[in-house]
Each structure stands twice: as C-alpha cells, then as structure tokens.
Amino acid sequence: MLIRQKTKTLFLSSLLISTAFFSQAHNVSKGYQKPTDPLVVQNLENWQDLKFGLFMHWGTYSQWGIVESWSLCPEDESWTQRKPEHGKSYYEYVKNYENLQATFNPTQFNPQKWADAVKKAGMKYVVFTTKHHDGFAMFDTQQSDYKITSSKTPFSKNPKADVAKEIFNTFRKEGFKIGAYFSKPDWHSDDYWWSYFPPKDRNVNYDPKKYPERWDNFKKFTFNQLNEITSNYGKIDILWLDGGWVRPFNTIDSNVEWQRTIKVEQDIDMDKIGTMARKNQPGIIIVDRTVPGKWENYVTPEQAVPEHPLSIPWESCITMGDSFSYVPNDNYKSSQKIIETLVKIISRGGNYLMNIAPGPNGDYDPIVYERLKEISGWMNSNQSAVFATRSVAPYHDGNFYYTQSKDGKTVNIFHLDEKADYQSPSTLSFLIPENFKPKSLKVLGLSNKIQWKKSGNSIEINLPKERNQLKYATVIQITQ
C-alpha cells in the first residue's frame, strides 16, 4: 500500500496523507476514462453490486509484527520504527528481513475457515497480496526463488504451500470474486534496487534512461510474474496493482506529495501488461492505482472515506485494526464502527475493502472472528439495503444515509448515531428523495408493523419497543 501506520501516534499523520490521497482520487474522477470493453464495463457494474470485500496483507513480515515491508525503505524509516534487535545497521536489517523466508511456516493456514467467516459477514470478494514491495512472492513464481514455495521456506513442504492458489480456489468455490494484489516495484530485484547503488527512497535507485537494459529486464520480470498470476491461478476478476510511483513520468501529479519524490522515468509498459492480462482473463478489472488513464478502472482511497458521492467506480481500503499487516495486540475497530463505515461508503456509491491481516501462524486473531460474527448478525437482517444498491440524493442528511435499489423502486434509509452503543429512538423523522412516492414502509429486523406519516418531502415513523433489539443502526426500507 502507499500509506501505512503502525501505532496510534502515527495514525494522524497517516490519515492526513490518506486524505491527500483521496483528494487526488477525487480530482481524478474528472478525467476518469471509462473502459470501452463491454465485458469490463459489465464486470465493473457487477463489482459495484458487491459492496463489501476482504483485503489480506500477508507475508514473511508477519513474523516481526511490522508494517509490511515498508521498513526496508530508507525514506520511511522514521515511522516504520525498525527495532535494533532486527539489525544493527540498515544492511544487516535487510539481510535479516530477507532471512525471514527461512523461518516462515504458517502451519495453521486454513483458507476455508476464513472464507466461511467472512462470507457470513457479507463479504463478496477478496483481494490478496500475491507480492508486496519486498518482492517475496506468496505464489509459485518461476521468476525468483524469493517465494513461499522455495525450498528455503519451511512451509514449502506443506501441501498448501502455494497460498495464493489455495486462497483463490477456496474463496472462488464459495462464490467470491477474486482479486490479485501485486506490487509493481520490487525491492528485492537487482533490476529495481540495483546493488551497485544504495536505495534512497521507494523509487528505482538508478536512472532507467541511463541503464535501459537493466530496466528492460525489470519490465520483463514484472510482465512474466503477472502473466503467471493471470494464467495459472484460475479465474481472476481484479488485478489490483500497487506502487503507483512506478508510472510514466508524464503522469506525475505535482500536487501530491509522495509523487514529487519520483525523479526518473519508471514506465513499466502498462499497455503491454494490460493487454496480456485481458487476453488471459477477458473482462478483468485492472486497477493501476493512482495512475489516471485506461488502466485505472476504479479509484482506491486508502484509510479514508469521501465526503461526497463520486460519479465513478471507487473503493475505500480500510484496516480492521490499525495496521494493514499483522501486529500483535492490534487495536481492532468495533463492529459498530465497521458497519457505520460501510453505510457511509455505500451511501456515497463506493465499495468497502476491509483489510484483515493473518499472523505468522497462518490465522487471524480470535477477536477478528468475534467481529465477523457480530457483523453477520446485522447482515442477516439488513443485506437487502446494502447489496446491489446505488447512491441516491440526499445521500446523507444529519444522521441519515441513503441507498436505493437499481430499479429505483426501493429506498433504504440508515439511521446512525455513532455512540458507543446504538439505541434506536422511539420516533424518527427524515427526508425522502424528491418525486419518490412511498407506498409501503418497514424497518428491517422488526416484525411489527410500523406507524408512519408523510408530510411534504419528509416522513415520521414511530418505532415499537421491539426497536431495542436493533444493533448498530435502524434501517428503514420504503417501496413506491
């Protein structure tokens, strides 16, 4: 990912960067290029119906409980907080980090357990980190031995060693759409961070124009790995490309701070990659994140939710804990906070990609399963107001948030109060969309008939004592 935080002390600065990232995404919406391939257009429409997805950052770094592979990057040392016990010098640290391959043995890895839990919680697609910036492949690449299936990795002897394949096959069998996260930069590759020069920041550490053969080798390496992922791993619905600093120099937005660090051309030939991916996987959604153009099929604000609806496809990627990768004793968000975030996102027309990070043993923290079970209970009653919906004016009014069915016949109004424990009031009064003629009204999760009256463009409802059963939100569904 572009932005990371590990501790609460880092959260504010990260949030500010994330907000800046979202501002860029908002600007991009003006120049968004709608795909011309009818199959991609249809797949994007179907993807917007899914609303809730699972993101998973997992790699050897989980053993140290650190912020993915960011501690390898010199410019990010200040906030990734390298620990002295992991190396007395930068180069010793890198060597010890790379040696994590030799101890990675997540024997409790059981993707069926994950799929069962998140499916009940309403998640409908998964995006898994096949390779982060460190270059360690969580799939069986033939381009490098820095991978989970290498004989250097203890887990390679396990029948489930190709974890990307196991995750994709298991979740696909359960009806999930499949997304492959892939980092375009590769800090392990000598063709990206050439050992002849020390790395200075997240970018390539030489000038590709001065050493075109080396850069061509890196382009071939990247192309070959993406060809493997889109050829050997069954149906892939989304190719989610991270590391937006690997981009044509002329696409840099100087208003975005991190893009100002890009000093050299890093054109990886996305036309060639995208064409290959679409040949292997017709209609695949490609997300070349933060790089406006035909290969950014939807935009991806990180750890942030837009203030207003966007007119283009978008997805907020937000952590369940504080960190995208496993950190011991992470601060997991409450189920109420997660549902409030989901409501805000879908009312503004987006998808919620919630990140849950497996630990070094190959499983989630027990508290994750508690959260998923709580969310499941809410989803059982309210899913008709969530999935296959679109935004509708007034979108958000006070404590009320709106979605509508795609045919426009049903409007859903979510009442939140964002207090520690939601309590549904006895009376609610709210606006309805203009020219909407309500015929019937119900509160999801309640069996009692609801008393309501319309006055002008607003409706008032009286809720029975049964309302005390409602958790996290009151969801009113009106049909015309």
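Me: How much space lies in the second largest cavity?
Reply: Happy to start there, and please keep in mind that this is a predicted model. Residues lining the second largest cavity include Trp58, Tyr61, Lys131 and His132. The space in this second largest cavity is about 40 Å³.

Me: How many charged residues are in the lining of the second largest cavity?
Reply: Let's go through the classes. The lining has 4 nonpolar and 4 polar residues. Asp134 and Lys131 are among the lining residues, and Asp and Lys count as charged. The number of charged residues in this lining is 2.

Me: And how much space lies in the largest cavity?
Reply: The count comes to 3 cavities of 30 Å³ or more. The largest cavity is lined by residues including Gly321, Tyr326, Asp330 and Ile356. Its lining has 5 nonpolar, 4 polar and 1 charged residues. The space in the largest cavity is about 50 Å³.

Me: Which helix do the buried residues of H7 pack against?
Reply: Helix H7 covers residues 212-232 and reaches 30 Å from its first C-alpha to its last. Among its buried residues are Trp215, Phe218 and Leu226. These buried residues of H7 pack against strands E2, E3 and E4, and also against helix H8.

Me: Which residue with positive phi follows H7?
Reply: H7 has 21 residues. After H7 comes a residue whose phi is near 70°, and that residue is Gly234.

Notes. Residues are numbered from 1 along each chain as its sequence is written. This is a predicted model: local features need pLDDT of at least 70, side-chain atom pairs count only at pLDDT 80 or more; totals for chains, interfaces and linings use all residues. Side-chain values use heavy atoms; hydrogens and water are left out. Helices (H or I, at least four residues) and strands (E, at least two) are DSSP runs, numbered from the N terminus. The expected span of a helix is 1.5 Å times one less than its number of residues. Buried means under 20% relative accessible area, exposed over 50%, partly exposed in between (1.4 Å probe, protein chains only). Contact means heavy atoms within 4.5 Å. On a 1 Å grid over the protein atoms alone, a cavity is a set of points where a 1.4 Å probe fits but cannot get out, and a pocket is an open set with protein on both sides within 12 Å along at least five of seven lines; lining residues have an atom within 4 Å of a point. Grid points are joined across faces, edges and corners, and a volume is the space filled by probe spheres set on the points.
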